[in-house]
Amino acid sequence: MTLCPPIRRTPDERPHSPPGGPARRFRIAGADVSASIAVFLIALPLSLGIALATGAPLQAGLVAAAVGGLVAGRFGGSPLQVSGPAAGLTVVTAELIQRYGWRTTCAITVLAGLAQIGLSALRVARSALAVSPAIVHGMLAGIGVTIALAQLHIVLGGTPQSSAVDNVLGLPAQLADVHPAALLISALTVGLLLLWPRLPGRTGRLLRKIPAALAAVAAATAVAALAGLAVPRVDLPSWSSHALPGLPEGPVLGIAAGVLTITLVTSVQSLLSAVAVDKLVAARADRGHGVPRSRLDRELAGQGAANVVSGALGGLPVAGVAVRSVANVSAGAVSRNSTMLHGLWIVLAALFLVPVLDLIPLPALAALVMVVGIQMVSITHIRSVTRHREVLVYAVTLSGVVLIGILEGVGLGIAVATAVAMHRLTKTRITREERDGRQLVRIRGQLTFLAVPRLSRALHQLPQGARVVVELDGSFMDHAAYETLHDWQASHVRHGGAVEMTGPAGARIAEHDAASHACCRPWTPWRNHCGEHHHPAEETRRVTGHQLASGIGKFQRNTAPLVRDELARLAREGQSPSQLFLTCADSRLVTSMITSSGPGDLFTVRNVGNLVPLPGEESGDDSVAAAIEYAVEVLQVQSITVCGHSGCGAMQALLNSTPDAAQTPLRRWLRHGLPSLERMASRSHAWARISGRLPADAVEQLCLTNVVQQLEHLRAYEPVARRLAKGTLTLHGMYFHVGEAQAYLLAGPDEQHRYEDVFDRVAPSGPSEPTDGPSEPTDGPSEPSEPAKQPQPSDGPSEPAKQPQPSDGSSAPSEPAKQPQPVEPSEQSQPAEPAQSSEPADDRIAPSMIKERSKARAS
């Protein structure tokens with residue numbers, strides 16, 4: 001058997017199926033079709049409304065929606081994100097159209113798309129996420145306020161002004177000249193938008209499947225047509241007269257500022273929307289199965305390509321839109337086909353539904369966009385920035401966008417955010433109090449060189465020889481502050497004082513000392529702990545209870561604060577382990593260390609020799625059977641692992657036992673291991689071995705065989721057999737070599753009477769390459785392993801075992817077996833086949849010894 005990783009196949013892939021040809025049929029899932037229709041019904045009125053709000057030709061909104069679905073949907077890196085004309089770009093686009101005209105604005109859109117493609121080539125997409133959320137939310141809120149103020153004039157039957165300030169100043173005059181028909185249509189649209197998601201009853205549940213935007217615009221259109229109201233309506237000119245981009249005309253700096261603004265807004269909005277879509281997909285009932293995570297650099301390139309195409313075809317700038325993306329995810333879309341189909345429906349509607357679209361009243365579209373602008377001022381975002389103490393950054397950005405402009409507002413927000421961060425970095429509060437005979441010094445905030453004078457003054461006011469607790473509640477300490485604190489600590493300790501550094505929750509902060517880290521790790525034996533070294537003569541007089549109490553104290557100090565929350569959760573919810581782990585009571589076998597498991601992962605049963613008595617042979621000791629029943633029937637574990645180990649004292653005792661020995665409790669227990677001896681002597685079973693080498697001696701041979709035999713015993717239990725028949729339980733065999741700190745897994749243990757009796761080496765694996773079985777890392781707190789010490793000649797409760805004498809009279813080695821030499825590549829490629837007879841595969845295992853064991857068992 002060669003040591004190679006198993007081939008992992010997908011559930012639909014059969015081992016002997018012919019390879020797929022290059023031609024693959026294009027298939028569209030039904031969920032994608034239904035989701036695309038839902039998104040189309042939302043995007044159609046929104047695209048017309050945004051085009052109206054910017055002052056662009058109404059066809060430009062449809063062009064941008066179609067290109068966003070087809071181009072960005074095909075080439076973008078976020079499969080379920082829907083792109084198109086975004087409300088966040090309304091103010092920017094409207095300003096560019098008023099200043100440079102529509103044809104130049106299209107050219108600016110093309111240049112912005114090329115800039116996005118260039119940025120994606122530099123792989124800077126992740127850098128956009130470094131912008132403070134308060135700045136992004138403030139920018140979107142400012143854009144929303146500007147949109148709402150502009151569309152309010154159309155709702156009232158007037159015409160919006162060029163800026164938010166002018167719209168506010170002109171509002172009193174507009175209120176004095178209200179057009180009743182426009183106000184009626186707008187009020188109907190807003191009312192339906194707000195009430196539609198709250199329709200009660202079964203009928204309401206059916207009606208809510210129609211998007212609120214479509215229902216509101218359709219109802220307003222029907223009322224305006226039936227009542228014959230004199231309101232302005234959509235007027236889509238012929239596509240033959242559609243305006244295409246021209247060469248940019250205007251000052252170079254102004255055009256460059258426009259390109260920069262569109263690039264910034266579209267990129268940040270699209271990337272943040274892609275991250276939000278990933279979170280929505282992960283929160284679905286199917287956990288986003290089969291939907292890949294967003295690739296931000298590819299998404300930025302896809303948005304750039306969409307802007308190039310949209311600008312070249314005379315469309316609005318394109319960006320990822322949160323509203324349509326949420327609708328796409330909620331409708332159950334599973335691939336990018338839904339986004340592309342929505343773009344196709346937009347094209348068909350623009351070509352064949354022009355007479356229907358011309359009936360839509362403009363006040364209805366204005367009311368729709370006004371509601372969208374108001375919703376961009378999110379109460380949830382305001383609460384979030386308040387909780388993180390960033391209201392000032394949010395307010396300054398919002399005000400700057402409304403009063404000055406988007407670029408200027410974002411620049412002000414960045415400046416204020418930087419100032420706030422610097423203020424927090426330099427703000428340090430130091431207090432001192434006496435509690436329970438100790439001096440408690442609390443340091444709140446970041447410790448920088450600016451706080452060193454106050455820190456030094458506070459520390460040197462403490463009395464000499466006092467016990468001091470320094471509580472650090474901050475995330476940063478520069479070199480100057482560290483030197484001041486460290487020098488004072490050394491001086492205070494030299495003068496008879498005691499110093500303890502703690503975190504905000506009272507957790508002790510360990511010293512940054514390499515020696516301490518080397519000798520105080522969680523898996524370090526007691527005798528090697530820091531400060532625990534003693535003379536051998538003194539070691540024999542020490543009270544072992546002191547070691548246990550000291551170890552518990554270190555757990556309470558170092559580990560308990562880290563696992564307290566997880567243990568509290570387990571205490572509330574109860575245990576639900578996935579595995580029953582049955583292993584030996586040997587003190588060198590630390591199950592949590594070798595399996596990288598944490599609290600609640602393993603239901604562990606330990607006994608001498610990792611034995612599983614056959615049902616009915618317990619003779620008054622039902623502990624193992626009870627544990628198996630509880631794990632399988634009550635806890636519903638998914639697998640059972642039997643783990644043996646090298647140098648097992650129980651196996652040595654079995655090899656050295658004699659029929660006439662006194663029947664002590666230990667020997668009565670070890671009789672459950674006699675079937676393992678019989679299996680090793682049987683001609684009907686292959687010799688258990690480690691892949692790539694032979695067993696080191698008879699003890700290791702029996703340790704490996706015992707794991708296989710105990711798995712057979714497990715199958716005799718009725719609950720285990722029933723779960724195995726249902727396919728809800730699996731069995732695993734494991735062998736841990738103590739001296740090598742190496743785990744081995746039994747190959748093919750899940751089919752009855754089909755064991756290969758070969759233990760494969762478990763290779764090191766990272767987080768992205770988990771291994772199967774009990775050695776797979778879990779989410780619980782893990783403990784890294786270090787090379788273990790060589791095992792002693794014996795362990796466990798048995799007396800030191802004597803090596804069996806070969807039949808030829810030569811003496812066996814009296815010291816522990818040497819580590820096997822590494823197998824050469826040629827040997828690994830052609831491993832020895834397991835023996836099929838009673839003759840051992842290793843001449844160090846005596847055939848006469850096996851025969852004597854069989855006779856002893858028979859007698």
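Visitor: How many residues does helix α26 have, and what distance does it reach from its first C-alpha to its last?

Guide: Helices are DSSP runs of H or I with at least four residues, strands are E runs of at least two, and both are numbered from the N terminus. The expected span of a helix is 1.5 Å times one less than its number of residues. Helix α26 (residues 623–634) has twelve residues and reaches 15 Å between its end C-alpha atoms, close to the 16 Å expected. This is a predicted model, in which local features need pLDDT of at least 70, side-chain atom pairs count only at pLDDT 80 or more, and totals for chains, interfaces and linings use all residues. Residues are numbered from 1 along each chain as its sequence is written, and side-chain values use heavy atoms, with hydrogens and water left out.

Visitor: Which residues of α26 are buried?

Guide: Buried means under 20% relative accessible area, exposed over 50%, and partly exposed in between (1.4 Å probe, protein chains only). In α26 the buried residues are V624, A625, A627, I628, A631 and V632. Seen down the helix axis, they fall within an arc of 160°, so they line one face of α26; the arc is that of the directions from the axis to the C-beta atoms. Contact means heavy atoms within 4.5 Å. The elements covering these buried residues include β8 (602–607) and α30 (698–715).

Visitor: Why is helix α16 described as largely enclosed?

Guide: Twelve of the 14 residues of α16 are buried, so the rest of the structure largely encloses this helix. Among the elements that cover its buried residues are α1 (30–54) and α5 (133–155).

Visitor: In which sense do strands β3 and β4 pair?

Guide: Two strands pair if DSSP finds at least two bridges between them. Strand β3 (residues 428–435) and β4 are antiparallel over eight bridges. Two residues lie between the strands of this hairpin, where D436 takes a positive phi near 50°. Strand β4 (residues 438–445) also runs parallel to β5 (residues 467–473), joined by six bridges. There, R442 stands opposite E471.
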